[in-house]
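Work through the following exercises with the sequence and the structure side by side, and try each task before reading its solution.

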Amino acid sequence: MDLLSPEPGLVIWTGLTFLILLYLLGKFAWRPLLSAIKEREDSIKNAIESANKANEELKQLEATRARIQAETRQERDAVLREAQSLKNSIVEEARAAAKQEAEKIVVEARAQIEKEKADAMLEMRQQVAKLSVQIAGKILVENLASDDKQNELVEKYLNESNFN
Amino acid sequence: MVSKLKQIALVILMLLGLSCATHLRAENAEMLKAEEPEQLDMTELIFHHVLDSYQWDIVGWETESGEQKLSIPLPVIAYYDGHFICKLSSSFAEGKRIEEDGLVWYMGVPEGRVVEKLLLDTPSEKGIRPTLDISVTRNVASMWFSVIVILLIFVSAARAYRKSLVPHGAVGAVEAVVLFVKDIADEQIGEKSAKYVPYMLSLFFFIWINNIIGLIPVFPFSTNLSGNIAFTATLAIGTFILTNVNASKHYWVHNFTVPGVPFVMKFILVPIEIVTMFIRPFTLLVRLFANVTGGHIIILSLISMIFIIGSLLMSLPSILLTLIIFVLEIIFGALQAYIFTLLSALYIGLAVNEEH
């Protein structure tokens, strides 16, 4: 029966042709095609991975940002508080210093006044003494013109001075 | 991917539906021409189409002087007892005989056969077949044509990836089918599949494209290569060789010792396992051959019914039935390529893997 008897010629040609086809397709079709598909699969995989990674990083970044914000807020509050207290203390200090200074000035002024007063008193005493001597001199010139009077006066002073 | 496959299927269906119509016309013309003699030999007509031929008929017509044919002559190459012959088939036309070195070569129908074969007369014997007939027959020429088609499709598809890793249009369709076949190999063979994927892909498309070529009824298609037992046998032998050459130790131990059964059972099971090794490729070759040839014979027989019954009324049911079978054949064309590839991958997977 023709149908069921394989012709050796066709077997040989089929085998040969299929081997050549296998080689040509393998080299020029399947290898580039499959490697291109593989490459694409890899690039898609990489893209998805890097997208996930970027997402993850974004989340981390967001968390970091929130944390930093909170920290900054706290810090700001702390700084404000500190500044407030610093201000208070400076004001307080300044006030104290001013008070001290004022007191010192008052003391100094008082001392000065005392000194001035003493000086003035001294001066006045000297002036008075000088005037007194002058007056006394003049009086003496007038009064001691006679020996009687001189004696009288010496007597008087001697009496006045208490030798005790 | 699914919608892409649908698109491909639709386009193929439309194309083949169209060619179905031409097929019917072509066959009708052939039948009408053959109707003139009283006795219509449908068997010969069908077998002429289903079997191989030394020349490739393009078109035939009837003239007053007889049947005329426009056909492409193909090389006839044969060897017998130290003598080579290499002639165009046209040199044997109209029963011409070629005498060389005491051998007479001619075309004739051997005993018990239906179609013409190259025969020769030696001084002592008459009408014998040459030792080796490696003529480039219609099937061989059609096979080479299919190789060109396959290379054109897939090499150009592969080239499209040079421009972009995401090609558009037809290349996407090609890729969908390629990945479909690659998945078959990957699923059945597993880790070691990379080595066999090129074979599986080539096998699938070689069978499928030839099935389609066989279904398109006009020149240069309409040959019945994938329904030829020599063709299917060669491919089955390929799978058989790949299966056994690359088989793991486990496969041979399993086949020849059948571990895990009582000793007496081994006398039954070892022969069964060994026979199975050969039956597997045999089922592959018979399945493809019978399906494709059967389809061709059914279509031709349904058309022939019009002429056997000789009534115009018969043409309507006949053509309708042919159309149904034709659509089925289109499906089977892809299905048989799929089954052949799937089972090849399965057998190889069973053999090369250590455990299954």
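**Exercise 1.** State in which order the three strands of the open sheet in chain B are arranged, and which strands are at its edges.

*Solution.* The order in this predicted model is β4-β3-β8 of chain B, with antiparallel pairing, where strands are DSSP runs of E with at least two residues, numbered from the N terminus, and two strands pair if DSSP finds at least two bridges between them. The edge strands are β4 (83-88) and β8 (132-133) of chain B, since each pairs on one side only. Next, β3 (residues 75-80) of chain B is joined to β4(B) by six bridges, and within this pair Y79(B) has F84(B) as its bridge partner.

Residues are numbered from 1 along each chain as its sequence is written, and chains are lettered from A in the order in which they are written. Local features need pLDDT of at least 70, side-chain atom pairs count only at pLDDT 80 or more, totals for chains, interfaces and linings use all residues, and side-chain values use heavy atoms, without hydrogens and water.

**Exercise 2.** Describe how β1(B) is connected to β2(B).

*Solution.* A hairpin leads from β1(B) to β2(B) through two residues. The strands, residues 55-63 and residues 66-73 of chain B, run antiparallel and are joined by eight bridges; D57(B), for example, is partnered by S71(B) in β2(B).

Technical notes:
Helix = DSSP H or I, 4+ residues; strand = E, 2+ residues; numbered from the N terminus.
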